[in-house]
Amino acid sequence: MCIVYLVALIFCITKVRCSSNTSKLIEDSSQSFTERMKTGKTSFIYFGNHVNPTIKLFLDQLEMSADALEDYGISVVKVNCSKETIAKYCTGEKLITKTYLLRGSEVLRSFDIDTVFDVSAIVSHVLFTVLYNEVRYVHTPAELLQVENAAKQMRDVVVGHIPVLGLPEHRALMEAAFVYGTKYQFVQTTGGPLLKHMGVDDLSVSKARLWFLHCKDMSRQMDQCPFTPMRKPLDTINIHTFLQLMEARLVTEANVDPSEVDMVHNHLNVPVLYLFSHPQTKRLDRATAQTLALQLRGEVGVVLIHRDSTDVKTPLQYNAAYRLPQEDVKYFTLNSAEEVMKLFKEELLQDYKMVEDEEENEEHWSDLEILDDEVSESVYRDRDLMLDLESITELTSDNFQSEVTQNKITVVLFYFKWDAVCMAFMQTYIQVADALEGVSGLVLAAVDCGEWTNICSDRDVTSFPFIMIYRPMEAPQPYRGMLGTESLQRFILLSQISGPVRLSSSADVLSFLEGDLYSKHADLSSIRVLGLFTSTLDTGVTSFKEAAKLLRGEAILGLFVHREAEKWVEGLSVNLPAVLLSRGSEVSREAYYLPSFSVNDLVSLVQRAVSDPFPELTVENLPWYLELEKPLLLLFVGKEYSTETSLTEMKHLLSSGQLPSFLPCWIHLGRTPVGRSVLEKYLGFVPPLPALVMSQLSTGGEVFLFPRERPLKAKNILQWLQSVENRDEHPAGVIPDTKWSPPVPVYDFLATMDQEAPGYASQRDPKMKTGAKEGHRDQDMTPNQRQTTHSSPKPQAPHEHSEL
């Protein structure tokens, strides 16, 4: 849902009624009712033949609900059965006491007017019926756990407890589900058993409640999703604010004074707590801030101010501060967590009526005195769940070199314990390690770059999390794929194959291309890439071998250097040297001539060849296709009957070879719901599907929409593209060219400590042998993108997407 709609909705719901000169309640005749049934649209309809005082009150509420339901595309209609005769509905003894929710001619549900007694009851019941397949209803903890398990690694869960249906709280929950339903899994419950499961001890207090379950970053099925309760009353504004806070950074770090910090909490009128960090105690300060932020999540924002910045002018006598909405920053000296608890109880609960249970207050504020390193680490580890690191080898300066030079493949994760993205990915990494535990000759390890800064800085690792593959007697290989379980596991298993595979006969070539050779890897990749050369003296052989090493983990490559190589490209209109691509035993092979023996060019050619010529874009593969920097000819499809027809037409156009400068691709909004957000970003609205757009993200960001009134045929598409090229078409939207800057610059923690307290960090900085650096981070590579290749190692500037 677009934010404009949400703002309008909040404005109308908060009893600032949207003004309107005319009623939105529609009165249907027999003919208009029949026509309505043919539209397939949703309507809330009341049939009646006379009006008494009770019915008059209901009709007043019905008229007011028409304004609210119009925002959701639902018409509110009444039919006067004393004037019109409509079979099935204008008869029966319950004629004046029933209402119907219809989609076209299909009855979704009927209601007694006692159930839909006012505007809130009408809106809540209607939306709950419309969202029946999206909002799950649960009664027991076991049912909720099933929902959690299905949502893990996909999206977070919002659970609402509504004691009585039809009240304003029920309406607020359903409206939130309508707006945010594609982003979160909404759950509704009315039962008491679930309350105890969510930590509510006093069941005698009957009130609506809401919890946010953090399931998106959970991977272990046996663990319950950690949750955050909403402590404010359930209304539209509070729910919207609460969900925005759940998306906000847990702890914001800054290098300026508190009054200069701009964060989402300021715009949402939420109190902010500022803690000051000293260079000597940064790890401890971060752990303390993380712990406090978890206890205050949803109520108070937490900021960690680094005193080592010259922009911080706050006197050293203060180590904390707070800001209440619409007020200035107030500074104080924090001696214990109890002082913070007392401060927020006095200021927040009295001034802003944030009513909270005393037992919950005591539970949320633990005794956080000065902690040593070991306690600090365990507090951090236990903040959400216990991390089982048994399958991960932890590397330090003492064992790093010996571990990565052993006669085996070593996968190394470089990460920060205090970084939210790193710790979210750590769950995926542990899951991959558990899955590959029985694979011989393979070790998964990790380096905490906050603890062992010298290891990461010596290898020019500047963005996190970052993965490097180490093999004996070879240069390390960076992993550039998606940070997901399936992608990483596939890459590691494929990278075990030494590339390229040397083939000595035509029989070996056939076995390789048909997939018989390395058949156990068929589930990982059905694509085989074969380099064909007639002689070992060919200069391209050496380049192909180097390219194959860089492509390990991405494809299975073979090399055939033989006088019989010529016969494998016969009839394919390609001369040697060439690359032969096989996508399976029953698919025709593709051949590509090698015009250049540059390693970079060979890697690019193979990556383009193995990619799908008409790919379905997903969250996982989108970064790779964007790297091609071609204009996207993007088809958005859904469940409509015309989906297959439009895809077939696009494939026909592609096979004609008339789209060399474009990247034809498609998104299925049913399988990739984020596609709807992409369309809204492109155009500002969601047009009827299928919709064809052309976006020029690399050359100005203009977006063009194929005219809806023209049939989606190959000829029409080509004419439209020609009109766009001739500047005869006006762009339907423009994507602004904005860049993400790093929140803070890269710096050496240990060096900073030594500047403030010489010798403090020397025990953490063991002497390292000098030598060549194992790898580097390409300047324009992000953790979620793949680079075509890299050259010899050299130091790189911090990347603009770096987490540091």
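Strands S7 (residues 157-161) and S9 (residues 209-213) pair in the antiparallel sense, over five bridges. Val159 has Trp211 in S9 as its bridge partner. These descriptions come from a predicted model.

In general, strands of a sheet pair through backbone hydrogen bonds, either parallel or antiparallel.

The axes of helix H4 (residues 119-130) and H6 come within 8 Å. They cross at roughly 40°. How are H4 and H6 oriented to each other? An angle between 35 and 65 degrees is neither roughly parallel nor roughly perpendicular, and H4 and H6 are therefore oblique to each other. The crossing of H4 past H6 is left-handed. Val119, Val123 and Leu127 are among the H4 residues at this meeting, and Met174 and Phe178 are among those of H6.

**The nonpolar cores**

The largest nonpolar core has 63 residues. Helix H6 (residues 168-180) gives the most to this core, with eight residues.

| Core | Number of residues | Some of its residues |
|---|---|---|
| Largest | 63 residues | Phe44, Phe47, Leu62, Phe186, Leu243 |

The residues named for the largest core have the most contacts inside it. Take Phe44. Leaving out residues up to four places away in sequence, Phe44 touches residues including Leu62, Ile74, Val76, Phe111 and Val126. In soluble globular proteins, nonpolar side chains tend to be buried together.

**Helix H17 and its surroundings**

Which residues of helix H17 (residues 485-494) are buried? They are Thr485, Leu488, Phe491, Ile492, Leu493 and Leu494. These buried residues pack against helix H15 (420-435) and several strands. Among those strands are S17 (409-415), S18 (442-448), S19 (466-470) and S23 (556-561).

**The whole chain**

The chain holds 25 helices and 30 strands. Of its 804 residues, 50% are buried. Among contacts with a separation of 6 or more, 71% join residues 24 or more positions apart.

Definitions and conventions: Residues are numbered from 1 along each chain as its sequence is written. This is a predicted model: local features need pLDDT of at least 70, side-chain atom pairs count only at pLDDT 80 or more; totals for chains, interfaces and linings use all residues. Side-chain values use heavy atoms; hydrogens and water are left out. Buried means under 20% relative accessible area, exposed over 50%, partly exposed in between (1.4 Å probe, protein chains only). Helices (H or I, at least four residues) and strands (E, at least two) are DSSP runs, numbered from the N terminus. Contact means heavy atoms within 4.5 Å. Two strands pair if DSSP finds at least two bridges between them. A nonpolar core is a set of buried Ala, Val, Leu, Ile, Met, Phe, Trp, Tyr and Cys residues joined through side-chain atoms within 4.5 Å. Axes are lines fitted to C-alpha atoms, for helices over the stretch in contact, and angles run from 0 to 180 degrees between N-to-C directions. Angles under 35 degrees count as roughly parallel, over 145 as roughly antiparallel, 65 to 115 as roughly perpendicular and the rest as oblique. A crossing is left-handed if the near helix is turned anticlockwise from the far one by less than a right angle, and right-handed if clockwise.
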